Amino acid sequence: MDHQPGRLGVVADSAVFTSVRTLTSEGYRLVAASPGVTAEERTELRRSSPSHNSLCNDRVDAAAFSAYRLSSGRYCVAHSCSAGAEHTGRGGSRVYTRIAVLDDAAMEAFACDPARVYAALSFASDGVELSLPPELEPVTLDPSVPALGASGGGVDGRPDPCHVARLVTIFLRPRQAVVVAPEAPIATFAAAMAAIPAEHRRTVSCSVGLRFAASREITVTVVPGDEGATRRAIRGHAIEWLDLRDEKAFEGGEHANWARLVQTWIRGGRHRELAAVTDAVDEPLTAGAVFRLASLCDLLDRVQGAPPEASAEFSDELALLGVRTNAERVLADAVAAAVAKNAPVDTQPTDAPTDDADAVGSLVIDDSSIER
Amino acid sequence: MPVVSWSADETAISCLICEKENSAEALVCGGCAAPMALVQESVAQGRDPQIISVVGESNVGKTVYLGFLLDMLSRRAKGYEAIPKGAYSIDLQQNVIAHMAQRRFPPKTPMEPNQWHWAYYQTRKDTGRKTKWYDLVMPDMAGEAIAAEVDNPDTFRVIRSLLTKSSGILLLVDAALAANGSPRPDFFALKLMSYMDTMFGGRRDQRIQAPVAVVLCKSDYCPEAFDNPRKFVQANLNRLWNLCESRFSSVEFFACTAVGSLAYSTGGEDGDDSYVQPIPLHTSLRGVLEPFEWIINRAA
């Protein structure tokens, strides 16, 4: 990954779960952990970490990801990969899982986005290390590492905007589900995380690229394909089977407006702006809140494509909508800025918006990039 | 009848192993991933089955042992008649036989309980007289899951449930490693027996009644185990021997082997010379049925 490390790092407890043979033991277990990982957390990590045949595919470069909250209140993000052949010679690959355990403050540094933590963990990892001391040093994670896939392309390809939007609706109304995401599942997940508010990201319990296992107690299991064994395992339980390719399964719903907006903006390459809006949302996305945000975003899009003489109309519409929340304030300011930019020449501001990290202040883009 | 009525339209079925309530439509228990067919079969038979747990460390040979045991029962070895209840019961023996026929060991058993194989068999010994049928449930558990549960109880509650409900336990120990001087099999067996001692409870002067057959696997490496298994355990697995003597009233020791001869290949798919793959050249079963027979007689 081509990234220059930032100056500040976030320290997190770390652990490694894999299968090695040592003097005292053999097989899958927690082979190393930093001292801050408590005994109760270790028990949960043992239960939730993937063992033999857990990766959805057997490729040498197979990778998977899981994120869930531990009963201690801390958050676990794990990166799993294939680490050569299974060492007892019984076929299959050895699964190697590198785990980071973060408290709320550490998660805040990543805007509560597990995809960003995963990216930082992958960046900080020295690869597969099978000869580890039982006690590890805590790992330092760089919050400036961009999420893999959140900006259009990731470790496993480019996500389909439709699939991202549909995955967003699943996380906005959390329920137990096995989700089929055949194309770029990790990138799809990362893009979906950037499109939901931090309050919802905090509660995400998800695995991507791991086979379903009830013992892991993970809410959303994202798999690349349909497996008969998984369907059998979830039948008769309150676990939905959702295929991101199935348009009908996602029709309607209380977050349909937001999903439509997400899909449009991602298709238009407006990932940073989408992330800026969702980062400004500081309360749960109720149906009403989503409707208002989507209305403001729609208004913003219309302003940017409209002739100057329509500026007054948009100002009136903005006044009618009103502003109730911080995120709405951000969008309203952007609409006002766009209206001002669109206004007749003698009323435009002299400073052009700069392409800086605060994309909220410059939610004005080239109209030609939007697919209508 | 293990059926509880929730409402007029819904019924819930308690899992045979962990007793979690599941809907009537569930094929697999939501708690322990045991097939719900176990409950349906036990209801059909009008009796609860006897659970025989095969436990042991990772890579000791539980899958191979259980696969061959079930296959021998299916083939009416030593006068046994065995009927599998449900196609899922045959998966394990088919998996083992198919791999061994290709001179390969079956794949490692994952820790996740939903990937374990379960076998439900009705069996009896044909002695010419009318004999009783036994319904047996035998899960193939992962050694690492057993180790994790023993080291940290309640990590995998399904294992605790299984052991608590077992009519008998087959404890597999790697005799080859023990004969070679490694203390690992002894310590693992000691931990497991200590876990069972704690689990079954009882006062200091009360010994555990559950029958435990200690099976010395891979005894082809140490044929003296066949001559006198008790002496072998006393000499090479002394910690286990002492605990059995102190705390368990029904323990017997058996030697067993499944593989006749073993070869080794190196290199693997990526040419890594440090990767060594054992190749079972042929099977030579010895001592597989005897521990099972002893457990059945004790459980009766």
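User: Which domains does the assignment give for chain A?

Analyst: In this predicted model, chain A is assigned domain 1 (10–250) and domain 2 (270–365). Their centres, taken over C-alpha atoms, are separated by 35 Å.

User: What makes domain 1 of chain A and domain 2 of chain A count as being in contact?

Analyst: Contact asks for heavy atoms within 4.5 Å. The contact involves 13 residues from domain 1 of chain A and nine residues from domain 2 of chain A. The area buried between domain 1 and domain 2 of chain A is about 770 Å², with 63% of that area given by carbon and sulfur atoms.

User: Why is the pair Asp279(A) and Arg201(A) called a salt bridge?

Analyst: The rule needs a side-chain nitrogen of Lys or Arg within 4 Å of a carboxyl oxygen of Asp or Glu. Asp279(A) and Arg201(A) have an N to O distance of 3.0 Å, so the pair is within the 4 Å cut-off. Across the interface of the two domains of chain A, the rule finds one salt bridge. The rule for polar contacts finds two residue pairs there, both at pLDDT 80 or more.

User: Which element gives the most to the side of domain 1 of chain A that touches domain 2 of chain A?

Analyst: Helix 6 (residues 198–201) of chain A does, with four residues. By class, this side of domain 1 of chain A has eight nonpolar, three polar and two charged residues.

User: How do you know that Glu26(A) and Arg184(B) form a salt bridge?

Analyst: The closest N and O atoms of Glu26(A) and Arg184(B) are 2.7 Å apart. The cut-off is 4 Å, so the pair qualifies. Between chain B and chain A the count is three salt bridges. Polar contacts across the interface of chain B and chain A come to 14 residue pairs, both residues at pLDDT 80 or more.

User: Why is the aromatic pair of Phe65(A) and Phe189(A) called tilted?

Analyst: Planes under 30 degrees apart count as stacked, over 60 as edge-to-face and the rest as tilted. Phe65(A) and Phe189(A) have 50° between the planes, so the pair is tilted. Their distance is 4.9 Å centre to centre, and the limit for pairing is 6.5 Å.

User: Why does this pair tie together parts that are 124 residues apart in sequence?

Analyst: Because Phe65(A) lies in strand 3 (residues 63–69) of chain A and Phe189(A) in helix 5 (residues 185–194) of chain A. Over all chains, the count comes to seven aromatic pairs.

Key: Residues numbered from 1 in each chain as written. Chains lettered and ligands numbered in written order. Predicted model: local features only at pLDDT ≥ 70, side-chain atom pairs only at ≥ 80, totals over all residues. Heavy atoms only, no water. Domains from an automatic or database assignment. Buried area = accessible area lost by both parts, 1.4 Å probe. Polar contact = N/O pair within 3.5 Å; in protein donor to acceptor, adjacent residues only side chain to side chain. Helix = DSSP H or I, 4+ residues; strand = E, 2+ residues; numbered from the N terminus. Nonpolar A, V, L, I, M, F, W, Y, C, P; charged D, E, K, R; others polar. Phe/Tyr/Trp six-rings, centres within 6.5 Å; stacked < 30°, edge-to-face > 60°.
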